[in-house]
Amino acid sequence: MRKSLAVMLLSLSAVGCTWVHMAPGASAVRVTSAAPADCQKRGEVEVSVKHSIAFVERNQLRVREELETLARNEAPGLNADTITPLGEPAGGSQRFGAWQCGR
């Protein structure tokens, strides 16, 4: 009983933690809400994170932030300097468009 209670408490305390860190070069990637004008599309990326832990839903704002960070981490590999969400997050996943705007 004590062991399962300890596991549950550790799980709940981890709900607020972030495990996604910005990769080198990703901090220069801009995030826009709509497809930018006069930019070249470099591709699309789909990223995902855990949206629940032990049947406990994580903070949706934190999940969105982590998805955005992961997409920014992928952008330099596509020679993109701007990303745009292509839809809302669903089940811990989200698609982003990657753009080269020449900034």
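Among contacts in the chain between residues at least 6 apart in sequence, what percentage join residues at least 24 apart? In this predicted model, the value is 68%, counted over the contacts in the chain whose partners are at least 6 residues apart.

**Overall make-up**

The chain contains two helices and six strands, and these elements follow one another along the sequence in the pattern α-β-β-β-β-α-β-β. Of the 103 residues in the chain, 31% are buried. The accessible surface of the chain amounts to about 6500 Å², and carbon and sulfur atoms account for 56% of that area.

**Strand pairing**

Strand 5, residues 82-85, takes part in a parallel pairing with strand 1, residues 30-31, through two bridges, and within that pairing Val31 stands opposite Ile83 of strand 5. Strand 5 is also joined to strand 6, residues 93-100, this time in the antiparallel sense and by four bridges.

| Strands | Sense | Bridges |
|---|---|---|
| Strand 1 and strand 5 | parallel | two bridges |
| Strand 5 and strand 6 | antiparallel | four bridges |

**The disulfide**

The chain has one disulfide, formed by Cys39 and Cys101, whose sulfur atoms are 2.0 Å apart. The link of Cys39 and Cys101 is right-handed, with 115 degrees about the S-S bond. This pair connects distant parts of the chain, since Cys39 belongs to the loop between strand 1 and strand 2 whereas Cys101 belongs to the segment after strand 6, and the two cysteines are 62 residues apart. A disulfide is a covalent bond between the sulfur atoms of two cysteines.

Where does Val49 lie in the chain? Val49 is located in the loop between strand 2 (40-48) and strand 3 (52-53), and Val49 counts as buried because its relative accessibility is 13%, below the 20% cut-off. Leaving aside residues up to four places away in sequence, Val49 is in contact with Val20, Arg58, Val63, Glu66, Leu67, Leu70 and Gly92. A further relation across the sequence is that of Val49 with Gln94, which is 45 residues apart from Val49 along the chain, with 9.3 Å between the C-alpha atoms of the two residues.

Arg58, one of the residues that Val49 touches, is itself a loop residue, situated between strand 4 (56-57) and helix 2 (60-74). Is Arg58 buried or exposed? Arg58 counts as buried because its relative accessibility is 2%. A polar atom of the Arg58 side chain lies 2.8 Å from the backbone oxygen of Lys50.

Terms used. Residues numbered from 1 in each chain as written. Predicted model: local features only at pLDDT ≥ 70, side-chain atom pairs only at ≥ 80, totals over all residues. Heavy atoms only, no water. Buried < 20%, exposed > 50% of the residue type's maximum accessible area, 1.4 Å probe, protein only. Contact = heavy atoms within 4.5 Å. Areas by Shrake-Rupley, 256 points an atom, 1.4 Å probe, with all protein chains shown as cover. Polar contact = N/O pair within 3.5 Å; in protein donor to acceptor, adjacent residues only side chain to side chain. Pairing = 2+ DSSP bridges. Disulfide = S-S within 2.5 Å.
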